[in-house]
Amino acid sequence: MNHRDTGSTATNSAFEARRSDADVEEIARLLPPPAHRGLPHEQYLHHKERLMRSIDHDQAQAHADRTDGTRPARRLLRPALLLPVSALALGGILATGVALTTGDDAPATAATGRHEARNMRPAAALLDRISDAAGRGDALRVRNDQFAYTRSKVRGAELSSGKAVVGPLKDTESWLSQEPGPLRELGLTRTAGETLPINAELGDTHGTPAGLGRPTYHWLSTLPTDPDKLLDYLYAKVPRSDEAERDQAVFDCIGGLLGGVTPPETAAALYRAAARIPGVTKVPTAKDVTGRTGVGIARDDTTFGARTEWVFDARDLTFLGSRSYLVKDTEYGKAGTLMSAEAVIDFAVVDKAGQVPDTARQS
């Protein structure tokens, strides 16, 4: 190869890099904020993940083409959709359609100040018990080079037709890196035998650092353990949306930080912080998507007519899973229609992405 060919190759590589960045920016422009979609935040992320999966398929094809020597592959990023509680965002799994019990408690009247919601109503009393149980848990030993493994059963609502369409219950596994980052590859997700990388969030060209969107054990351990200070932090840091309820956004964010690698003292503070959010209620009898019965903590999002519910074992108050369903008739379906649900089956800390712990093999 002569110098002219070398220079041409370098020019082409630079052009491809610029085109890749332009591709990412163009995709970002195609994904408006969830408030403007008129969908609950979880459903917006579902559709966003579907688009990113399509991009991944194109990227794999481009890689095959490059291997064949036909053309270079484009470098595209697929965001890690690490939404509160739901593994649906990780696996891109959508399904729905069951009638659900909503519990006996009516939503508490919104307080003029969120800290005024700390009275010992049933939800606050239950969260206080859950907090005590979480605080007594054993702290995990998690290294930065390890991965948080979660195996779940999930369902959700496919909304591309404008109506909630029933889909099957599916198994999902995920491996999330505990490196502080920023990272360009955050882990792996596996659904129905298909394993995909979890790439940096869209726009994070230098990688996604640990934080609200990627809560690692070390990052969680730095959060305030005073419930009021923790709640102030979350209200300040959770991204704002013009149309979404602020209290609901913070409630959903707390749900995403629960379980898994959360240190016991942080988990205890998160539950007590949730008790201070207006509108949080107790569900005396709640079931996860697999039918396991327990008690629940819920909040209604009046903007979208949906309820988010956390389900806990009635005996030891461990977290079983979550679900979101309509509490009034909407364009997507009738009241009681399931929008998303997850049951956590197994959790462990492993040394490698893709490694399955012995507990998962035995169950």
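View 1. With a relative accessibility of 0%, W175 counts as buried (buried is under 20% relative accessible area, exposed over 50%, partly exposed in between, using a 1.4 Å probe and protein chains only). Y149 is buried too, again at 0%. This is a predicted model, where local features need pLDDT of at least 70, side-chain atom pairs count only at pLDDT 80 or more, and totals for chains, interfaces and linings use all residues. Residues are numbered from 1 along each chain as its sequence is written, and side-chain values use heavy atoms, with hydrogens and water left out.

Four aromatic pairs turn up in the structure. In the Y149 and W175 pair, the ring centres are 5.4 Å apart and the planes meet at 50°, so this one is tilted. (Rings of Phe, Tyr and Trp, the last by its six-membered ring, pair if their centres lie within 6.5 Å; planes under 30 degrees apart count as stacked, over 60 as edge-to-face, and the rest as tilted.) Y149 belongs to strand β1 and W175 to strand β2, so the pair ties together parts 26 residues apart in sequence. (Strands, E, at least two residues, and helices, H or I, at least four, are DSSP runs numbered from the N terminus.)

**View 2. Y271 and F312 meet edge-to-face.** The two ring centres lie 5.7 Å apart with planes at 70°, so the pair is edge-to-face. Y271 comes from helix α8 (residues 264-274) and F312 from strand β7 (residues 306-313), so the pair ties together parts 41 residues apart in sequence. Both Y271 and F312 are buried.

View 3. Nine of the eleven residues of α8 are buried, among them P264, L270 and Y271. Leaving out residues up to four places away in sequence, Y271 touches L127, I130, S131, A134, L258, F312 and F319 (contact means heavy atoms within 4.5 Å). Y271 is also one of the residues that touch the most other members of the largest nonpolar core, which has 39 residues; L234, I254, I297 and W310 are the others. (A nonpolar core is a set of buried Ala, Val, Leu, Ile, Met, Phe, Trp, Tyr and Cys residues joined through side-chain atoms within 4.5 Å.) Elements giving two or more residues to this core include α4, α8, β6 (293-301) and β7.

View 4. β3 (residues 185-191) has five of its seven residues buried, so the rest of the structure largely encloses it. (Two strands pair if DSSP finds at least two bridges between them.) Look for R190 in β3: E173 stands opposite R190, and T195 is the bridge partner of R190 in β4. β3 and β4 make a hairpin with two residues between them, and A192 in the turn has a positive phi of about 50°.

**View 5. Q146 is a buried loop residue.** Q146 lies in the loop between α4 (122-135) and β1 (147-156). Its relative accessible area is 7%, so Q146 is buried. A polar atom of the Q146 side chain lies 2.9 Å from the backbone nitrogen of R143. Beyond four places in sequence, Q146 touches R141, L176, S177, Q178, V349, V350 and D351.

Key: A polar contact is a pair of N or O atoms within 3.5 Å; within protein, one must be able to donate a hydrogen and the other to accept it, and residues adjacent in sequence count only if both atoms are side-chain atoms.
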